[in-house]
Amino acid sequence: MSHQVQPEHTKSDDDQFEDAQTRHDYNERSVDEVIEKVTGLSMKRPNESDGEEFLDCTSEGQSSTSATADVTPRPDEQGRTTEPSDDTSLAPYDDDVIDEDSQRDYECGLSDEEKAENKTKADELKQRGNELFKQGEHCQSVDMYTKALRLCPLECKEDRAILYANRAAAKAKLDRKLTAIEDCTKAIEYNPNYLKALIRRANLYEETDKLDESLEDFRKVLELDPGNGEARAAQTRLPPKIAERNEHLKEEMMGKLKDLGNMILRPFGLSTGNFEMKQDPQSGSYSINFKQNANQ
């Protein structure tokens, strides 16, 4: 008895694609499940929408996109997450970056008259920045000083030092201490004997717990101005604070080492209490004695 061979059903291209897509989705889900079990992380993907559109930066959707970005809290320079400000003039920190390499390339193609014109514009921007600073408009003053730095010729070292120092003062008012320190450093690079920038950086170092760097700057100030009262006071104030900090760090480190030692010795029924360290007053060296019946 012969068996009639049924013709094999050939799937269409669309059917084959759907089967492949189904297997692909299944494999993805299987991999995701394994990852979730091992790492404990959720691998859920956001729902995709065929109707999703990309908004052009120049379209009406820009205001919506910008509003979404503005309400997102972001960490400040001290590592704290801050709520967004209602001040729409507050620009992102990246906007105050000065690319001096690009500026140098740009100035290579300028004539002396064009450089002089840029210097005049930079002076006008600096004056506007000074006025805004006096009015308490520190965000806007930072913006003015930044624009001035992008125009002021690199060869005008004294003027650029003043611009960086002024911008550091405005940033300090905004509690942007880390980049304020960077601006002070740039000012000092252009003018190593710039007392105002040295004092400002020394105070910012102290406020950010960089006490050794602060003391070093104040010592430099005293070299340039031996009668400077602020630096003389710092010479008395900072050494005890540095010693106290170092002692605290030492105690913290010894505590961590003791915890580590106890963890290693515990399987042997011992602890760091079984070991006594004594210092030789003459040589300064240490000896370690073993105590059998120490309290653990």
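Colleague: Which helices do the buried residues of α6 pack against?

Modeller: In this predicted model, the buried residues of α6 pack against α3 (100-108), α4 (112-134), α5 (138-151), α7 (177-190) and α8 (195-207). The buried residues themselves are Arg160, Ala161, Leu163, Tyr164, Ala165, Asn166, Arg167, Ala168, Ala169, Ala170 and Lys171.

Colleague: How do you know that the span of helix α6 agrees with its 17 residues?

Modeller: Helix α6 covers residues 157-173, and at 1.5 Å a residue it should span 24 Å. The expected span is 1.5 Å times one less than the number of residues. The C-alpha atoms at the ends of α6 are 25 Å apart, which agrees with that expectation.

Colleague: What makes α6 roughly antiparallel to α7?

Modeller: The axes of α6 and α7 cross at roughly 165 degrees and come within 8 Å. Angles over 145 degrees count as roughly antiparallel, and therefore α6 is described in that way relative to α7. The crossing of these two helices is left-handed.

Colleague: Which residues meet where α6 passes α7?

Modeller: From α6 come Lys157, Arg160, Ala161, Tyr164, Ala165, Arg167, Ala168, Lys171 and Ala172. They meet Thr179, Ala180, Asp183, Cys184, Lys186, Ala187 and Tyr190 of α7. By class, the residues of this contact of α6 with α7 divide into 9 nonpolar, 1 polar and 6 charged.

Colleague: Why are α4 and α6 called roughly parallel?

Modeller: Their axes cross at roughly 25 degrees and come within 11 Å. Angles under 35 degrees count as roughly parallel, so α4 is roughly parallel to α6. The crossing of α4 and α6 is left-handed. On the α4 side the contact is made by Lys119, Asp123, Lys126, Asn130 and Phe133, and on the α6 side by Asp159, Ile162, Leu163, Asn166, Ala169, Ala170 and Lys173. The residues of the contact of α4 with α6 comprise 5 nonpolar, 2 polar and 5 charged.

Colleague: Why are α6 and α8 also described as roughly parallel?

Modeller: The angle at which α6 and α8 pack is about 30 degrees, and their axes are 10 Å apart. With the cut-off for roughly parallel set at under 35 degrees, α6 and α8 are therefore given that description. Their crossing is left-handed. In this contact, Ala165, Asn166, Ala168, Ala169 and Ala172 of α6 meet Ala197, Arg200 and Leu204 of α8. The classes in the contact of α6 with α8 are 6 nonpolar, 1 polar and 1 charged.

Colleague: What is the phi of aspartate 175, and where does this residue stand relative to α6?

Modeller: Aspartate 175 follows α6, and its phi is positive, near 65 degrees.

Colleague: Why is aspartate 96 called buried?

Modeller: The relative accessible area of aspartate 96 is 9%. Buried means under 20%, so aspartate 96 is buried. This residue lies in the loop between β2 (81-82) and α3. With its neighbours within four places in sequence left aside, aspartate 96 is in contact with Thr146, Arg150, Arg167, Lys171 and Arg176.

Colleague: How many helices and strands does the chain have, and what pattern do they follow?

Modeller: The chain has 10 helices and 4 strands. Along the sequence their pattern is α-α-β-β-α-α-α-α-α-α-α-α-β-β.

Colleague: What percentage of the residues of the chain count as buried?

Modeller: Of the 296 residues of the chain, 27% count as buried. Among contacts between residues at least 6 apart in sequence, 46% join residues at least 24 apart.

Technical notes
Residues numbered from 1 in each chain as written. Predicted model: local features only at pLDDT ≥ 70, side-chain atom pairs only at ≥ 80, totals over all residues. Heavy atoms only, no water. Buried < 20%, exposed > 50% of the residue type's maximum accessible area, 1.4 Å probe, protein only. Contact = heavy atoms within 4.5 Å. Axes fitted to C-alpha atoms, helices over the stretch in contact; angles between N-to-C directions. Parallel < 35°, antiparallel > 145°, perpendicular 65-115°, else oblique. Left-handed = near helix turned anticlockwise from the far one by under 90°. Nonpolar A, V, L, I, M, F, W, Y, C, P; charged D, E, K, R; others polar.
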